[in-house]
Amino acid sequence: MEPLSNKRKVIEQKPLSFLERAYLPAIFQGLGITIKHFFKKPVTISYPEEKREFSENFRGMHSLKRDENGKERCTACGLCALSCPAEAITMTAAERQPGEEHLYREEKYAAVYEINMLRCIFCGLCEEACPKEAIYLDGDIVPADYLRKDFIYGKDKLVEAPLNQ
Amino acid sequence: MELIFKLALVVVIFLISLLIAMYSTYAERKVAAFLQDRVGPNRAGPWGILQPLADGGKMFLKEEIIPTNANTFLFIVGPSLAIMTACIGSAVIPWGQKLTIGSYVIDLQVADINVGILYIFGVVSLGVYGIMIGGWASNNKYSLLGAIRAASQNISYEIAMGLSIIALLMVTGTLSLRQIAEQQHGFWQNGYFAWNAFKQPLGFLLFLVCAFAETNRSPFDLPECETELVGGYHTEYSSMKLGFYLFAEYINMFISSAVMATLFFGGYNFPFMDMIHSANLVTIIGVVVLFVKIFAFIFFFMWVRWTIPRFRYDQLMDLGWKVLIPLAIANIILTGLWTTFIRG
């Protein structure tokens, strides 16, 4: 048959030589290789104490941003929830009352904003969808927890810390 | 008085065997980790040294499951037998020379019987019953296959082991482990190495290979071959009964290391021991030296385990019957020629 490519290589199966059949040289060779590794530095990163640097475009926990005056940027338009392929985001909108101008930038804001971290796939589509630059996945790794309900992160965990003037 | 010392010695050796078995599990994981560029267990206590305690606690607290279709009595007898035979092997090993405290002379050996090696052999061959009974009583095909493998493997390799020992006995002329250890006094005598490993290199190699097979250690760990047999003979075991099987394996490793150190590497003898004049000091250093040798062998067991892949079953049998036994017989003939014509 015509070979499909010229990469074909006929492997010749030679009978084992005496030394090969005696196993021992190969075994000592192998022992030599493993003992070399015995004295090498372990490559382990002991995770919680020691952290590896994240890459520039790492997507971690979400944070809801504030503007330069410390007002929440989110206007509860719902585009993030709409774009979310995992349907992890829910929110309830509310109207800004007089006297709350220093808290919320627009007249409408998210009274409740929840992300289910068990559903979230950290794709970053919410970040892309947001017209107000209010949500970014710039946080750390989402920590482990014991109960499912504790993975639903509300505004208390998501909103950036207020600016300290 | 004699009896009290003996009993104390028995208890001490028993506890040491258990301690070493416990820490062998830790050492195994650490050695495996280091050989694979990892760090190994390091959470329980500093460097993870409390890991064996945590494992032991876990083993005791786990649910005990006896399968419905298993033979309950034999199911319990299996691991008990395995750990018992593992523990009684240490009785004839000379741990050191005589220790003199005041007017008492303590012999650091439980029983100096003149058929010491045969006793070890008997105990080792009993060890397979624990595995066989446990595997059979589980009423599980994988367990049974593992048990059958263990039995046939032990029987095959016992022959080669026995034959390799015969050559050694032709050199030493005695079966008593105490006398064999005494013959290897020092390191250099009459212009040659005193240790039997240098007089019987081939015999030692054969014995070493067979010891790997007898203790069911990799590369001969077919009885518990995970890829084919789930867990082998201890598939159905849980809780401390499983712990006993694993413990028995480590104690066996310890005992066979001790036997190898005694038979071939001078036991408690060390180079330049004649330069120390205090008899007690020599004894104490001797005990330490023996344990260093034992630990070196245990390390070697682990080193090999994490280096060499497992044999296929037919290769295992080929090696045992077609290579080791003929080699052992050839070794006997060579030793016979040497003792008759050269040594005179």
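Tutor: Two residues are in contact if their C-beta atoms, placed from the backbone, lie within 7 Å. With that cut-off, B:Ile251 touches B:Ser17, B:Ala21, B:Ala86 and B:Cys87, leaving aside residues up to four places away in sequence. Keep in mind that this is a predicted model.

B:Ile251 also has a place in the largest nonpolar core. That core holds 86 residues, and B:Ile251 is one of those that touch the most other members. The others named with B:Ile251 are B:Phe207, B:Cys210, B:Phe254 and B:Met260. The part you asked for is helix H10 of chain B, residues 239–264, which gives the most to this core. Its share is 17 residues.

Now the helix itself. H10(B) has 26 residues. From first C-alpha to last, H10(B) reaches 38 Å, close to the 38 Å expected at 1.5 Å a residue. H10(B) is also mostly covered, with 24 of its 26 residues buried. Just after the helix comes B:Gly266, with a positive phi of about 75°.

In general, strands of a sheet pair through backbone hydrogen bonds, either parallel or antiparallel.

Take the pairs in turn. E2(A) and E3(A) run antiparallel and are joined by seven bridges. There, A:Thr90 stands opposite A:Glu114 in E3(A). Strand E3 of chain A, residues 108–116, pairs with E5(A) over two bridges, again in the antiparallel sense. In that pair, A:Ile115 faces A:Tyr153 in E5(A). A:Asn116 has A:Ile152 of E5(A) as its bridge partner.

Last, the two chains meet. The contact takes 10 residues from chain B and 11 residues from chain A. On the chain B side, the residues divide into six nonpolar, two polar and two charged.

Terms used: Residues are numbered from 1 along each chain as its sequence is written. Chains are lettered from A and ligands numbered from 1 in the order in which they are written. This is a predicted model: local features need pLDDT of at least 70, side-chain atom pairs count only at pLDDT 80 or more; totals for chains, interfaces and linings use all residues. A nonpolar core is a set of buried Ala, Val, Leu, Ile, Met, Phe, Trp, Tyr and Cys residues joined through C-beta atoms within 7 Å. A residue is buried if 20 or more other C-beta atoms lie within 10 Å of its own, exposed if 12 or fewer, and partly exposed in between; C-beta atoms are placed from the backbone. Helices (H or I, at least four residues) and strands (E, at least two) are DSSP runs, numbered from the N terminus. Two strands pair if DSSP finds at least two bridges between them. Ala, Val, Leu, Ile, Met, Phe, Trp, Tyr, Cys and Pro count as nonpolar, Asp, Glu, Lys and Arg as charged, and the others, Gly among them, as polar. The expected span of a helix is 1.5 Å times one less than its number of residues.
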